[in-house]
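Here is a short tour of a protein model, written for someone new to reading structures. Keep the picture in view and look up each piece as you go.

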Amino acid sequence: MYHSTQAPHMMQDVFARHLGIPEANVRVVCKDVGGSFGIKVHVYADEMATAAISVMLRRPVKFVADRLESFLTDIHAREHDVTVRLACTKAGDIVGFDLDDLTAIGPYSVYPRTSGIEGNQVVNLTGGPYRHKHYRAKMHVVFTNKNVTCQYRAVGHPIAMALTEAIVDRAAAEIGMDPAEFRRRNLIPDDAYPYTAFPSGLKFERLSHHQCLDKLLALMDYRRLRAEQAALRKQGVHRGIGLAAMIEVTNPSPAFYGVGGARISAQDGATLRLEPTGMLTVMCGVTEQGQGTDGIFAQIAASAVGLTLDKVRVITGDTGVTPYGGGTWASRGAGIGGEAVLQAGRALRSNILDVAAAILSADKAALDIVGNEVVSRLTLESKLPLAELGRVAYFRPDTLPPKFQSELTVTRHYTPREYPFTFTNGIQASLVEVDPDTGFVKLLKHWCVEDCGTVINPMLVDEQIRGGIVQGIGAALFEECLYGPDGQLLNGNMADYLVPMCGEMPDIVVAHVETPTKQSALGAKGVGEAGTAGAPGAVMNAINDALAPLGARVTAQPATPDRVLKALGKV
Amino acid sequence: MKPPSFAYARPGSLAEAFDLLERHGEDAKVLAGGQSLIATLNMRLSSPALLVDITAVPGLAGIAVAKDKARIGALTTHRAIERSAELGAALPLLAQAARHIGHVAIRNLGTFGGSLAMADPAAEWPACCVALDAELVVARRAGERRVRAREFFKGLYETDLAPGELVTAVEIPLPGRGHRASFIELARRVGDYAIVGVAALARPKGETLEDVRLAYLGVGPTPALAPHAMAAAEGKPAAGAAAAAQAALDRDLKPAADLHTSAAAKMHLARVLTGRALRALAP
Ligand SMILES: Cc1cc2nc3c(=O)[nH]c(=O)nc-3n(C[C@H](O)[C@H](O)[C@H](O)COP(=O)(O)OP(=O)(O)OC[C@H]3O[C@@H](n4cnc5c(N)ncnc54)[C@H](O)[C@@H]3O)c2cc1C
């Protein structure tokens, strides 16, 4: 099955069981499948039908959805109508959150991850960055005759964070405190970890809310921006500054799916094989959707073993080749797949040095691998190129000591065990200008300080965040599936469904705080969804900050000119 | 999406083009820049058996500015108009409007005549031609006829063109020295069709505006001239003209909602743009 999916092993299991084929006879191959964002992690009727027809006809069948078909059947997301309340003391300490979420999921729950997860995340994560003692959340799920909804990048986070940050801003305004100051007062302190005091049961290993807040305020020059905002207001220019702190679920344990009975692997594995030529082949269960997983696996493997990057080849997305694994979702690729690669790399390095010690009749502890060569650990003097080591190990093992067996393929697996989720944190800010005559919102600048633990590849991490922020801005200002009263999708094309484009995007400044997770040697947390999680809240808060002196407030996303004008009472 | 299959012809003269159009009747469609037609084919909204590509017909592209009028060939691209220094001086409205048409790649291919023949009510050129009181040169086998832009647009994507007819050029009377132009539109994203737009012209005389012209896009099935608003603004200083035109605009425009914007918001935005455009015309 050549399949555009994020979860090849899950699909192998699904195809095998539903079509009555032994699992070993089903091979799912997914190459570089391109942007997926959660859309390709579900089971779709078209794909099952294609596979079934192929089985019935005993011949290859190909199905490609066109744009309209994709719009009509790929999962939609984020249909929620939520009421949120916050209690705080007059001094400005948050006491509790109260939440009532009505969410529509379409005509049925999508298999096998279920459509309830998004609402579940909303009720779990709202209030997450802030200390509080009391928490009540209700969720009502209703069926509709629209398309199905399910997990889409940052599942539930954009809603939970936008709700939290909107009500936090309101609380700050009610008691007359600056919104940054209110956050400083209420964000979980950086020395309170491990933090398990939440009434909702969330557990945090170690977060860095205050470091991130300080860094953000310095980066954006918050005081100067506030002064400029006040000066411009006098000239009739309505700028708004919005802040949004966030937490993000990454590196999930079986708590997500396995414990609920879904046959979706929480573990991932990596196999590393030193080839006779001294090249390294890396095979991993995590897949590549363009987010750069293959690139960081190559980096991790190269540095773990002691090779240069050009000697590493990565293979992902093939159930016939890679270790069993979950694939790509919930920001798990680097943190889980990467740790498996690291552990396999360390083991392989040790095995290579065993072979080197045997060939060189040297003490293993005196050897190391640097730049594709076995070297003296002390002097870095070259002892044996890996290509020569490979040649001897595979083709002339007769020259090695009797009974010596070389082991140049290593597999390691990893699944997080200590915490159900490895939370990350961060904070974003948005600067906008609202034209009160037209209801148009102009994005002037966006900032994000994020803590994803160990940053393996700074460029990939920064662009994951930027791309995520753009996707979040899409939700805040542009994207919406419009339906007629008869349940027909009205804007199933890229002219009428407005995705954010470069013409409207502001400069996005990204910075980091690094708090590695202690659960793994790599220390990497996820980063793929952070931008999307925080951006809508920051933009909505900025819009409402701009509208505040005009006595207006928008609460629906996207904040279209039409909605802003209605809020202003102009139409 | 992919278009249904079609045949393709590229005539080298107008006579050949007329032959093909006559022979194939309703089954044939004229292809110019393809920036609207190919999209409609890909969306399967249209399935002509034959595309008659007129881009090899000589003499249909080019800009000529004379003393009292400008002539723009039907195959002149949006981009060529945007970058023409001659037009920029004689008819600044056009360069102001061109920037809003799609993206550069689209403007490099899309044509003036194609946009007018397409008659999208949210397009820039039809409203500009209505404001400028341009005249379309329409050719058919039997010869040429001329039709005023103000009479050319009949309904949603409907024009005065009869089967077998081609737009070959547009002639625009120059509004004269000292006139000023303002084209403003609101679109959600750079390059999108406008929610609402206005093409405005006037000749300032002292403090007041004369020969005021206002034409709107995105407010109904065709580009809309606003005679009441124009009359209300005539002879007034810019600020007064703006208020008067805004007050009169209800009598000229009855916009319908689009997917994203309610009718009331469109009307409100048309009033806002009217004010901004007239104030921009002040000397
Ligand atoms: C992404 C995108 C964004 C766009 N945004 C805008 C925008 O903001 N504003 C805007 O105005 N346009 C926009 N367009 C459309 C673009 O301007 C087209 O170029 C224009 O509408 C049609 O011109 P064309 O030469 O491409 O014509 P074609 O697509 O080739 O033809 C369009 C129609 O006109 C007929 N036709 C063409 N030439 C003649 C002629 N000489 N005589 C008689 N009939 C003829 C054809 O048969 C066809 O029915 C956009 C297009 C795209 C793809």
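## Ground rules

Helices (H or I, at least four residues) and strands (E, at least two) are DSSP runs, numbered from the N terminus. The expected span of a helix is 1.5 Å times one less than its number of residues.

This is a predicted model, where local features need pLDDT of at least 70, side-chain atom pairs count only at pLDDT 80 or more, and totals for chains, interfaces and linings use all residues. Residues are numbered from 1 along each chain as its sequence is written, chains are lettered from A and ligands numbered from 1 in the order in which they are written, and side-chain values use heavy atoms, with hydrogens and water left out.

pLDDT is the predictor's confidence in each residue, from 0 to 100. For chain B the mean pLDDT is 97, and 100% of its residues reach 70 or more. For the complex, the predictor gives an ipTM of 0.96 and a pTM of 0.97.

## Helix H7 of chain A

Let's begin with helix H7 of chain A, residues 209-220. H7(A) has twelve residues, and from its first C-alpha to its last it reaches 16 Å, close to the 16 Å expected at 1.5 Å a residue. Which residues of H7(A) are buried? They are A:His209, A:His210, A:Cys212, A:Leu213, A:Leu216, A:Leu217 and A:Met220. (Buried means under 20% relative accessible area, exposed over 50%, and partly exposed in between, using a 1.4 Å probe and protein chains only.) If you look down the axis of H7(A), the buried residues fall within an arc of 160°, so they line one face of the helix. That arc is taken from the directions from the helix axis to the C-beta atoms.

What do the buried residues of H7(A) pack against? In chain A, their partners are helix H6 (179-186), helix H8 (222-234), strand E4 (238-250), strand E12 (422-435) and strand E13 (440-451). Contact here means heavy atoms within 4.5 Å. Just after H7(A), A:Asp221 takes a positive phi of about 55°.

## The four-stranded sheet of chain A

Some of those strands turn up again in a sheet. Two strands pair if DSSP finds at least two bridges between them. Chain A has an open sheet of four strands in the order E4-E12-E13-E14, with mixed pairing. E4 and strand E14 (507-512) of chain A stand at the edges with a single partner strand each, so one side of each has no neighbour in the sheet. From one strand to the next, the twist averages 15°. (Axes are lines fitted to C-alpha atoms, for helices over the stretch in contact, and angles run from 0 to 180 degrees between N-to-C directions.)

E13(A) and E14(A) run parallel and are joined by six bridges. To find one of the spots where these strands meet, look for A:Lys445, whose bridge partner in E14(A) is A:Asp507.

Strand E2 (residues 94-104) of chain A pairs with E3(A) in the parallel sense over nine bridges, and A:Gly96 has A:His134 in E3(A) as its bridge partner.

Elsewhere, strand E6 (residues 280-284) of chain A pairs with E7(A) in the parallel sense over five bridges. A:Leu280 is the bridge partner of A:Val312 in E7(A). Strand E7 (residues 312-316) of chain A is mostly covered, with four of its five residues buried.

## Over to chain B

Strand E4 (residues 63-65) of chain B runs antiparallel to strand E5 (residues 69-73) of chain B, and three bridges join them. A hairpin links E4(B) to E5(B) through three residues, and B:Val65 stands opposite B:Ala70 in E5(B). E5(B) also pairs with strand E10 (residues 166-173) of chain B, in the antiparallel sense over five bridges; there, B:Ile72 has B:Val170 as its bridge partner.

Is B:Glu22 buried or exposed? B:Glu22, in helix H1 of chain B, is exposed, with a relative accessible area of 55%. B:His24, found in helix H1 (residues 14-24) of chain B, is partly exposed at 32%.
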